[in-house]
Amino acid sequence: MAQPGQDAKFFQRGKIEEFRADLQAAETKDKKFVKRKTVLKKIVANITMGNDMSPLFTDVVQCLGTPLLEIKKMVYLFLVSYGRSKPDQIHMVIPNFLQASRPWPPPLDCGDRNPLIRALAIRTMSYIPIPVVTDALSDNLRHCLKDRDAYVRKTAAICVAKLYSADPRRAEKGGFVEMLRDLMLDTNATVVANAVAALSEIGDRQDGVIFKLNLATANKLLAALGESSEWGQIYILDSLLRYIPSRHADAENMAERIIVQLQHANSAVVLTTIKVILYLMNYMENRRLMDYCCKKMGPPLVTLLSSGPEVQYVALRNILLIIQRRPAVLKNDVRVFFCKYNDPIYVKLAKLEIMYRLARAENANEVLAELQEYASEVDVDFVRKAVRSIGRLAIKVEAAADNCIKTLLDLIENKVTYVVQEAVIVIKDVFRRYPGKYEGIIPTLCENLDSLDEPESKAAMIWIIGQFANRIDNAEELLDDLLYTFLEESVEVQLALLTATVKSFIYKSSSEKAKELVAKVLKWATEEVDNPDLRDRGFMYWRMLAINPAVAGEIVLAEKPAITTDSDRMDRGALDQLLLHTGTLGSIYHKNPETFIRNATGKALADSPALNAHSRAVLIPLAAAQLPPSIVRVPGPGPIESHAVNAELVTTDQPEAEADAEETMTTGAPKSSLLDDDEGEDLGSDQEDEAVATAGKEGRDPYSNLGGAFGNYVADEPKPMGANSRGGRHDDDDLLF
């Protein structure tokens with residue numbers, strides 16, 4: 001076996017002619033295949049470097065009959081790289097595949113009895129989605145799924161998923177999905193894990209079959225959990241989300257069985273276990289067990305924070321979701337999230353958000369002291385977030401509001417520009433949260449008016465001046481100074497100036513200065529500004545003041561609702577959905593994967609008798625899958641809009657095979673289903689009759705398709721959840737049993 005680092009000499013750019021000559025020369029005097037192995041290593045190294053080696057396809061393929069495993073591996077790697085681009089030459093290697101992948105009848109090559117070669121051959125064939133290879137793969141894959149060697153079976157299980165990706169109808173008609181179901185009961189844990197992984201990949205396709213688990217199968221998967229590798233444990237645990245408990249006891253027993261996985265050293269296993277436990281807690285009623293689960297989930301999450309910054313960030317983003325749904329998990333661990341001096345900025349910002357979420361009356365002073373320390377850091381973005389968090393803390397915890405205001409005033413006295421601006425922004429919200437309580441600090445804010453140069457802080461200060469113009473003696477002078485640059489300001493500041501000037505006039509209608517200011521700003525807003533929002537608001541204020549100033553005062557100075565922290569909380573139903581993606585990209589972006597990954601299927605809690613009343617109240621049904629429309633040819637004249645096609649029209653001049661394919665594409669499932677579902681045969685008869693009638697009508701009217709010309713703008717139109725709403729997949733069907 002080669003020592004590490006010795007293969008570096010092969011990574012040199014070579015010429016096709018030289019490699020071909022070396023391969024041909026190696027055929028004559030190379031009994032131990034040393035020269036051939038060396039040349040193939042150079043070729044594979046060039047492929048790794050991105051050099052095109054496809055012209056050597058014929059020469060490399062001839063090495064496939066060499067009875068040396070290392071050479072076969074390199075030839076298979078070459079075929080994986082270039083097999084798809086050589087469909088006219090791939091037939092040359094199929095006999096070798098068939099010989100290598102089947103130990104019966106006895107092959108001529110002694111290496112064919114090696115399970116590694118059989119597995120490599122079947123895996124390489126699955127990587128080449130060409131019809132001629134797929135045809136040859138089917139029978140051999142069926143034999144390999146029943147192979148006596150576990151390594152071959154576990155490789156064949158993954159190959160079924162690749163076959164399904166290349167040709168779903170062939171995989172379904174050949175019974176490969178049912179064979180995967182049988183492999184889930186295999187005696188080898190690795191085979192079970194790969195079968196689960198393949199079924200999960202098939203079930204995640206929008207046009208795939210439904211993959212569900214019943215209690216008996218879920219228990220057998222749990223039995224294989226302890227013997228599986230780390231990746232196998234992740235696949236098995238993730239598949240438990242496809243089990244819908246029908247009784248509280250079932251969910252509670254399953255949670256007790258997997259809670260031991262929280263002690264695993266692998267962070268992915270820990271996060272997947274937490275995901276499953278959070279899912280099962282929606283189906284529990286034992287409050288003591290739920291509290292115990294929350295208590296056990298805390299330490300593993302804290303342990304993840306001792307990893308590298310990247311793992312920390314993933315853990316923090318998941319923790320941010322978890323504590324919104326289950327605050328008891330980390331309610332006493334706020335100190336763990338205090339920032340360290342060497343934390344990257346993205347970790348610090350994530351910790352800031354979690355500190356705010358965990359803040360309550362008992363620990364508010366401790367959190368405030370930490371935030372005040374952060375406000376003196378050198379990183380501007382971090383300081384801004386810290387100052388804003390102090391204001392949010394004042395709004396969230398009323399008992400700490402006085403100390404927060406004192407802290408903000410101390411920060412303003414430091415005269416640091418960006419600190420002052422953030423403080424003004426949050427103090428505006430504090431005024432709305434506690435009306436009539438902290439207006440005494442307004443003079444301090446007005447002293448720092450000249451240091452405000454950002455639109456948001458400027459608009460906040462202008463709002464304060466306008467809202468409390470009756471308490472500020474020189475409000476008109478302050479507004480007059482701010483109006484000097486009215487036409488050059490951003491729209492946000494212009495809107496604030498317009499409203500503040502009107503409020504000042506209503507408060508002090510007898511003041512000549514206020515009249516002058518309001519007339520000037522209304523004239524600017526209605527005559528010299530291009531922004532329609534600003535112009536419309538100017539006309540509205542002008543007409544209200546002209547018709548009835550008293551009513552205008554009641555409208556503009558109406559009592560405003562107090563600010564609360566409810567807007568900081570994520571919708572409960574959306575939160576339950578996101579927690580089903582714990583440990584994935586969705587939990588980092590805080591978005592469902594189907595919103596940023598093409599063809600991804602969504603997840604949602606399923607209703608059952610065991611589902612908690614609170615979870616059922618916010619249950620979000622899974623949106624219907626949007627399958628790609630088939631090609632439509634509408635006879636007759638008239639414009640054709642690409643997005644206004646009717647996916648149920650099929651032209652009569654198409655060949656039968658094309659019509660079948662189009663029907664499969666339209667309904668989202670082939671004619672022959674894997675599941676024996678008698679109810680599904682007559683499911684769409686009424687809809688088909690209606691579609692035919694609609695098609696005839698549109699065929700007579702050449703301009704009928706213009707009705708959907710703006711169809712792309714109503715993509716979010718709600719649709720009823722029918723039995724066929726997932727493109728031919730029935731949610732009541734159970735693939736396994």
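1. Ground rules. Because this is a predicted model, local features need pLDDT of at least 70 and side-chain atom pairs count only at pLDDT 80 or more, while totals for chains, interfaces and linings use all residues. Residues are numbered from 1 along each chain as its sequence is written, and side-chain values use heavy atoms, with hydrogens and water left out.

2. Overall make-up. The chain has 34 helices and zero strands; both are DSSP runs numbered from the N terminus, with helices (H or I) of at least four residues and strands (E) of at least two. Of the 737 residues in the chain, 47% are buried. Buried means under 20% relative accessible area, exposed means over 50%, and partly exposed is in between (1.4 Å probe, protein chains only).

3. Surface and contacts. The accessible surface of the chain is about 36900 Å², and carbon and sulfur atoms account for 51% of it; the areas come from the Shrake-Rupley method with a 1.4 Å probe, and for residues only the protein chains shown count as cover. Among contacts in the chain with a separation of 6 or more, 69% are between residues 24 or more positions apart. A contact here is a pair of heavy atoms within 4.5 Å.

4. The core. The largest nonpolar core has 210 residues, and Ile43 and Leu141 have the most contacts inside it. Helix H15 (residues 267–281) gives the largest share of this core, 10 residues. At least three residues come from each of domain 1 (450–559) and domain 2 (566–617), with domain bounds taken from an automatic or database domain assignment. A nonpolar core is a set of buried Ala, Val, Leu, Ile, Met, Phe, Trp, Tyr and Cys residues joined through side-chain atoms within 4.5 Å. As background, nonpolar side chains tend to be buried together in soluble globular proteins.

5. Around Leu141 and Thr134. Not counting residues up to four places away in sequence, leucine 141 touches Ile122, Ala156, Cys159, Val160, Leu163 and Phe176. Threonine 134 is in helix H7 (residues 131–144) and is buried, because its relative accessible area is 6%. With neighbours within four places in sequence left aside, the contacts of threonine 134 are Ile128, Pro129, Leu163 and Arg170.

6. Aromatic pairs. The structure holds 10 aromatic pairs. In one of them, the ring centres of phenylalanine 57 and phenylalanine 78 are 6.1 Å apart with the planes at 45 degrees, so the pair is tilted. Phenylalanine 57 lies in helix H3 (residues 57–61) and phenylalanine 78 in helix H4 (residues 69–82), so this pair ties together parts that are 21 residues apart in sequence. Both phenylalanine 57 and phenylalanine 78 are buried. Tryptophan 463 and phenylalanine 468 form an edge-to-face pair, at 6.3 Å centre to centre and 90 degrees between the planes. Rings of Phe, Tyr and Trp (its six-membered ring) pair if their centres lie within 6.5 Å; planes under 30 degrees apart count as stacked, over 60 as edge-to-face and the rest as tilted. Phe57, Phe78 and Tyr82 also form one aromatic cluster.

7. Charges over rings. The charged end of arginine 392 sits over the ring of tyrosine 356, 3.9 Å from its centre. Lysine 437 lies over the face of tyrosine 434, at 5.4 Å from the ring centre. The criterion is NZ of Lys or CZ of Arg within 6 Å of the ring centre and within 35 degrees of the ring normal.

8. Two positive phi values. Lysine 415, not a glycine, has a phi near 65 degrees. Lysine 415 is in the loop between helix H21 (401–413) and helix H22 (417–433), and counts as exposed because its relative accessibility is 52%. Histidine 590, also not a glycine, has a positive phi of about 60 degrees. Histidine 590 is in the loop between helix H31 (585–589) and helix H32 (613–617), and is buried, with a relative accessible area of 18%.

9. Valine 314, in helix H17 (residues 309–325), is partly exposed at 24% relative accessible area. The C-alpha atoms of valine 314 and threonine 582 are separated by 9.8 Å, though the two residues are 268 residues apart along the chain. Cysteine 446, in helix H23 (residues 442–447), is buried at 17%. Leaving out residues up to four places away in sequence, cysteine 446 touches Met461, Ile472 and Leu478.
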